Amino acid sequence: MATDNKGKGKPSKGLSNVMAFIYIPLILLLVYMLFNYKGGDPIKVEWYEVKEVMIPQGDVDKIDFVTNEYKGTVTIKKDRLAKYKNRFGGKVPEFSTVFYFQVPTSFEAEKEFSELRDTLPEDKKFKYSFDVSKDYWGNILSWLWPLLLIGFPLFLFLRMSRGMTGGGGGSGSGGGIFSVGKSQAKVFDKNSKVKVTFKDVAGLEEAKVEIMEIVDFLKNPSKYTNLGGKIPKGALLIGPPGTGKTLLAKAVAGEANVPFFSMSGSDFVEMFVGVGASRVRDLFKQAKEKAPCIVFIDEIDAVGRARGKNVGFSSNDERENTLNQLLTEMDGFGTNSGVIILAATNRADILDKALMRAGRFDRQITIDLPELKDREAIFGVHLKKLKLDPGLDTSFLAKQTPGFSGADIANVCNEAALIAARHNKKCVDKQDFLDAIDRIIGGLERKSKIIPPSEKRTIAFHEAGHATVSWFLPNANPLLKVTIIPRGKALGAAWYVPEERQIMTKEQMMDEMASLIGGRVAEEIINNKISSGALNDLERLTKMAYAMVAYYGMSDKVGNVSWYNFQEDGYQLSKPFSEKTAEMVDQETKVLIDKAHQMAKDVLESHMEGFKELANLLLEKEVIFAEDLERIYGPRVKENEVEIKAGSLPEAADGSEQPKSNEEPKIAEAEKE
């Protein structure tokens, strides 16, 4: 690693000087107090007692009077100290100077002492002296306190700035406030090699080919330069969260035998003006010195957001200056030969176009959510650490997790192990993984939640409506199980295993929409009234229908137009179409929803007996599976085997937003209060 551990743990020379500046005066003060200690503070007495009792009895040996403080200390003769032991707890004091008195400013000390001494016999006379108090330490502290008041806060500020800017591991490490403009990148080289390799990255085969070519170029440059090829200046990893972008970068750091700089896009952003651009300059300065090397910037959207958007609302000149400096360093007037930039983001749509162009990021590598084969490989990586049931089928787990990212799969494996341990099992079996998937998708099971019988019946028929409609519509997603046990915020849920489609037809969309509204239709048929339980269904249904009309141009009336991502430039604050068109879009959206409603109603009315039997079974068992539906309805129909009445499918605009079934774990619906 680039950080120098020599002298680690020892205070710096500057720190030692500051500490000496603070502690040496304190030590001197303690020494002075120790050598001037006289065994305790004198006891205060009044002047009249000294004048009328102590002096006439011949007990006073000497009076030392400080004129500027109007204070006198009384020294008692040693052979007379025993007379005053009652004032000292019954013990004879060891020192003679045991009393002092205070007088007003009008007190004429010399005259009083002289006249009093003249009236005494020779054996009772006392000595007296006058002095002026000189507060040496007060004078010293009067100079010292201002220095301490200025120096100590400055010392704390320097220490805080060292803590804020000293942990990056780059050249800015340990520099305090003066290193705030230094790069905070962590450097990995032969002395601190990353242990992650491409073997640890399951799936992502196409992405690994692209990245491994860059690594191979660094190892064998002549293989490419002999043919006139040039190494790509940069590669941008794009994909949803949890798909392995940062893991792939770690593998590059572990495989490449060159220095690897790693930092986050937010590391460039600081509250001081100009710091971001300064850190960019310092980063590339270090990279040029260690070339050939790789620079990895994670979450680059923190600094690479498109310039000029939302002017007057959320513009950030400092961030834009940082981006300008980054653009210049990546491909400006000067060249960065041997410095390869890797970056990762899940917000590629908001990046500045100048940052995305060839010459800066020559390659844009898309890392999608894993397909079936990739999920099986990812499970293989994470299951190595678990004690598994010998009969566990990993391909079954991959089929049960469509739309799961690599991070989701790792979480499933961990949750399954925790569930098995909770039940005191010696190995993790299939049921533990199914419970873990349910836990991650639906939330924590809440069996203790009290639901009135009437509401429970409504929920059961609602879920049975979803299950029945999806069973008889050939293009709907295959059902896995239905439950009325509350999970998270849902009072009931139906689990499906979506087909991993890349595109969807209007027939498929209509079947999906009918399946979504099947629960609401079931309530209408059974209770002759509706409830608020279909909130999530209606929300998804409305979005799908609107997307069909406004995004995918599937409406004959609206036409082949799309307003998807129309506000990309950031300035459009209103709808991109007229009020008349907006009214037409709303009408067509409602027509599609009404069609889906009629389709669901036709299915439920034509299979009313089985529908009621299914709902009663759900009330009894709380959880039913696809096998139960097959027993009641028979085998599930396939595409083109069922025809809905022509009257239930009026001619109109069909379509929907293309479902991204591989972008998120799927729950078909979840009843929300």
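Of the 673 residues of the protein chain, 43% count as buried, where buried means under 20% relative accessible area, exposed means over 50%, and partly exposed lies in between, with a 1.4 Å probe and only protein chains considered. This is a predicted model, in which local features need pLDDT of at least 70 and side-chain atom pairs count only at pLDDT 80 or more, while totals for chains, interfaces and linings use all residues. Residues are numbered from 1 along each chain as its sequence is written, and side-chain values use heavy atoms, with hydrogens and water left out. The accessible surface of the protein chain comes to about 37000 Å², and 54% of it belongs to carbon and sulfur atoms; such areas come from the Shrake-Rupley method with a 1.4 Å probe, and for residues only the protein chains shown count as cover.

The protein chain holds 21 helices and 15 strands, which are DSSP runs numbered from the N terminus, with helices (H or I) of at least four residues and strands (E) of at least two. Among the contacts in the protein chain with a separation of 6 or more, 75% are between residues 24 or more positions apart, a contact being heavy atoms within 4.5 Å.

We can begin with an open sheet of 5 strands, whose order is E1-E4-E3-E2-E5 and whose pairing is mixed; two strands pair if DSSP finds at least two bridges between them. Strand E1 (43-44) and strand E5 (127-131) stand at the edges with a single partner strand each, so one side of each has no neighbour in the sheet. Strand E3 (residues 71-76) and strand E4 (residues 97-102) are paired in the antiparallel sense over 5 bridges, and Val74 has Phe99 in E4 as its bridge partner. Helix H3 (residues 109-118) packs on this sheet, where it touches strand E2 (60-66), E4 and E5, and its direction makes about 175° with that of E5; the axes are lines fitted to C-alpha atoms, for helices over the stretch in contact, and angles run from 0 to 180 degrees between N-to-C directions.

Most residues other than glycine have a negative phi. Tyr70 counts as partly exposed because its relative accessibility is 28%. Glu622, in the loop between H20 and strand E14 (623-625), also is not a glycine and has a positive phi, of about 70°; with a relative accessible area of 27%, Glu622 is partly exposed.

Another strand to follow is E10 (residues 339-345), in which 7 of the 7 residues are buried, so that the strand is largely enclosed by the rest of the structure. In a regular strand the side chains alternate between the two faces of the sheet. From E10, Val339, Ile341, Ala343 and Thr345 point one way, whereas Ile340, Leu342 and Ala344 point the other way. Strand E7 (residues 234-238) pairs with E10 in the parallel sense over 5 bridges, and the bridge partner of Gly234 in E10 is Ile341. Strand E9 (residues 293-298) also runs parallel to E10, joined to it by 6 bridges, with Asp298 standing opposite Ala344.

Next comes Arg307, in the loop between helix H9 (301-304) and helix H10 (317-331), which counts as partly exposed because its relative accessibility is 33%. Leaving aside neighbours within four places in sequence, Arg307 is in contact with Glu320, Leu323, Asn324, Leu327, Asp352 and Ala354. The side chains of Arg307 and Asp352 are joined by a polar contact of 2.9 Å, meaning a pair of N or O atoms within 3.5 Å, where within protein one must be able to donate a hydrogen and the other to accept it, and residues adjacent in sequence count only if both atoms are side-chain atoms.

Finally, we turn to the nonpolar cores, each a set of buried Ala, Val, Leu, Ile, Met, Phe, Trp, Tyr and Cys residues joined through side-chain atoms within 4.5 Å. The largest has 55 residues, and those with the most contacts inside it are Met513, Phe611, Leu614, Leu629 and Tyr633. Among the elements giving two or more residues to this core are helix H16 (453-472), helix H17 (506-527) and helix H20 (608-621). A second, separate core of 27 residues includes Phe261, Val280, Met330 and Ile341.
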